[in-house]
Amino acid sequence: MIRRLVDIAVSAAALSLSAPLLLVAVLAIRIESRGRAIYRQRRAGKDGVPFDVYKLRTMVGAGLAVNANDSRITRVGALLRRTSLDELPNLLNVLRGEMSLIGPRPTLPVQVAQYTGRQRRRLEIKPGITGWAQVNGRASLRWAERIELDLYYIEHRSLALDLKILARTPAMVLGGSGVYKGQAGGWEGRL
């Protein structure tokens, strides 16, 4: 209950404070390319329940495996991805109760379908905007490694660990590291 109250208070405040920035980003996206500025994608939430995650659109076309040199990434999109501003609309998902501020990043249903029994434990809590795997390498990590980091978080979830994640998140975001999968990271499944 306390975690949910914190999620509501922080996400509402962050949305209010970031509204001007979101408006500028939406306008920049619309000026640079056609299409909606807010992108919705079906993800698996707590217990595998599907929901639509909201993000700022950073590409023309769709794709799962995205590298820094992907020609589908727009100029505005590259900036939004590097600064993780494309994730700001996730705060709407937090307000709606589909996500939390901290937890494993929400994943695609096709990926969940290929989870082992142990990996399915990743779905025991709400997905988050930031999490243990996010502050330890993000997309540059192999998928199995990311899942293990998420499981570590679930098994050791505490206020102290949450504070550690929150303290490390700004450095990851501002540094822009781990945004793209690189040569070793990313999904290794049969997509």
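Is tyrosine 152 buried, exposed or partly exposed? I keep in mind that this is a predicted model. Tyrosine 152 comes out as partly exposed, with a relative accessible area of 35%.

**Aromatic pair.** I searched the whole structure and got one aromatic pair. It joins tryptophan 132 and tyrosine 152: the ring centres are 6.0 Å apart and the planes sit at 25 degrees, so I noted the pair as stacked. Tryptophan 132 is in the loop between strand S4 (128–130) and helix H5 (143–156), while tyrosine 152 is in helix H5, so the pair ties together parts 20 residues apart in sequence. I also checked tryptophan 132 for burial: at 10% relative accessibility, it counts as buried.

**Phenylalanine 51.** I found this one in strand S2 (residues 50–56). Leaving out residues up to four places away in sequence, I listed what phenylalanine 51 touches; among them are Arg42, Ala44, Asn93, Met99 and Pro127.

**Helices H1 and H2.** How do H1 and H2 cross? The axes of H1 (residues 2–32) and H2 (residues 75–82) come within 9 Å and cross at roughly 150 degrees, which makes H1 roughly antiparallel to H2. On the H1 side I noted Ala25, Ala28, Ile29 and Glu32, which meet Arg75, Val76, Gly77 and Leu80 in H2. By class, I have five nonpolar, one polar and two charged residues in this contact.

Note on methods:
Residues are numbered from 1 along each chain as its sequence is written. This is a predicted model: local features need pLDDT of at least 70, side-chain atom pairs count only at pLDDT 80 or more; totals for chains, interfaces and linings use all residues. Side-chain values use heavy atoms; hydrogens and water are left out. Axes are lines fitted to C-alpha atoms, for helices over the stretch in contact, and angles run from 0 to 180 degrees between N-to-C directions. Helices (H or I, at least four residues) and strands (E, at least two) are DSSP runs, numbered from the N terminus. Angles under 35 degrees count as roughly parallel, over 145 as roughly antiparallel, 65 to 115 as roughly perpendicular and the rest as oblique. Contact means heavy atoms within 4.5 Å. Ala, Val, Leu, Ile, Met, Phe, Trp, Tyr, Cys and Pro count as nonpolar, Asp, Glu, Lys and Arg as charged, and the others, Gly among them, as polar. Rings of Phe, Tyr and Trp (its six-membered ring) pair if their centres lie within 6.5 Å; planes under 30 degrees apart count as stacked, over 60 as edge-to-face and the rest as tilted. Buried means under 20% relative accessible area, exposed over 50%, partly exposed in between (1.4 Å probe, protein chains only).
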